[in-house]
Amino acid sequence: MALQEIYKHTQETMEKSIEAMRKEFGTLRSGKVSITILDSIKVNYYDTPTPLNQVGSVIAQDASTIVIVPWEKTLLKEIEHSIQEANIGVNPNNDGESIKLFFPPMTTEQRKETAKEARNIAEKAKIAIRNIRKDANDKIKKLEKDKAVSEDESKKAHDEIQKFTDNATQKIDELTKHKEAELLKV
């Protein structure tokens, strides 16, 4: 494996870790309700667990209300049941046509708790980045040991991997700071 391949693979996997963190941030509830809070909910659709957004339209009606209109009215009870099981902090209101979720305004305590959750997600992403760095550095050491690269090339490669790591960590910090500000804003 050449150094360029190691660089490419390292950058791609670090980017994937950051993207996974972004997705996880999307599931956190902020002051304004987001339909991504329902992303993990699966509905029993003809004995197949199906994502909620594939059995109906899911719309954030306003800052505190989500409306779900199933494509088949027979799914109302099934959707209602799945939401209750998911335990997302609200009870579904079934009006026979759609299901409405009314999210109460978050308390300061809930906001602080969610911000803490965001920091934990960011920390997991940083650990993933460090593991990717270690993996890349181990590959470089092996190349040097196998005499595929010189000692100088190996040192430069380690420095390059550290730059990728620093950039990824900086990106994680910026995203976390932005997310915390969003969560704590009333």
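Glu15 has a relative accessible area of 32% and is partly exposed, where buried means under 20%, exposed over 50% and partly exposed in between (1.4 Å probe, protein chains only). Lys171 is likewise assigned to the partly exposed class, at 32% relative accessibility. The side chains of Lys171 and Glu15 form a salt bridge at 3.1 Å, N to O; the term denotes a side-chain nitrogen of Lys or Arg within 4 Å of a carboxyl oxygen of Asp or Glu. Because Lys171 belongs to helix 4 (residues 151-184) and Glu15 to helix 1 (residues 3-26), the pair ties together parts that are 156 residues apart in sequence. Helices (H or I, at least four residues) and strands (E, at least two) are DSSP runs, numbered from the N terminus.

## Basis of the values

The model is predicted: local features need pLDDT of at least 70 and side-chain atom pairs count only at pLDDT 80 or more, whereas totals for chains, interfaces and linings use all residues. Residues are numbered from 1 along each chain as its sequence is written, and side-chain values use heavy atoms, with hydrogens and water left out.

## Further salt bridges

In total, the structure holds 15 salt bridges. One of them joins the side chains of Asp173 and Lys126 at 2.6 Å, N to O. This pair links distant parts of the chain, with Asp173 in helix 4 and Lys126 in helix 3 (residues 108-145), 47 residues apart. Asp173 is partly exposed at 35% relative accessibility, whereas Lys126 is buried, with a relative accessible area of 18%.

Another salt bridge connects the side chains of Asp159 and Lys155 at 3.6 Å, N to O. Both residues lie in helix 4, four residues apart, about one turn of the helix. Asp159 is partly exposed at 38%, and Lys155 is exposed at 53% relative accessibility.

## Nonpolar cores

A nonpolar core is a set of buried Ala, Val, Leu, Ile, Met, Phe, Trp, Tyr and Cys residues joined through side-chain atoms within 4.5 Å. The largest such core has 25 residues, and those with the most contacts inside it are Leu3, Ile6, Met21, Phe25, Ile161 and Ile172. Helix 1, helix 3 and helix 4 are the elements that give two or more residues to this core. Helix 3 supplies the largest share, ten residues.

Leaving aside residues up to four places away in sequence, Met21 touches Ile121, Ala122, Ala125, Ile172, Leu175 and Thr176, contact meaning heavy atoms within 4.5 Å.

Four strands form an open sheet in the order 3-4-6-5, with antiparallel pairing; two strands pair if DSSP finds at least two bridges between them. Strand 3 (56-62) and strand 5 (92-94) stand at the edges, each with a single partner strand, so one side of each lacks a neighbour in the sheet. On average, neighbouring strands of this sheet are turned by 25° against each other, direction ignored.

Strand 5 and strand 6 (residues 99-102) pair in the antiparallel sense over three bridges. The bridge partner of Asn93 in strand 6 is Lys100. Helix 2 (residues 76-86) lies across strand 4 (65-70), strand 5 and strand 6, and runs at about 165° to strand 5. Axes are lines fitted to C-alpha atoms, for helices over the stretch in contact, and angles run from 0 to 180 degrees between N-to-C directions.
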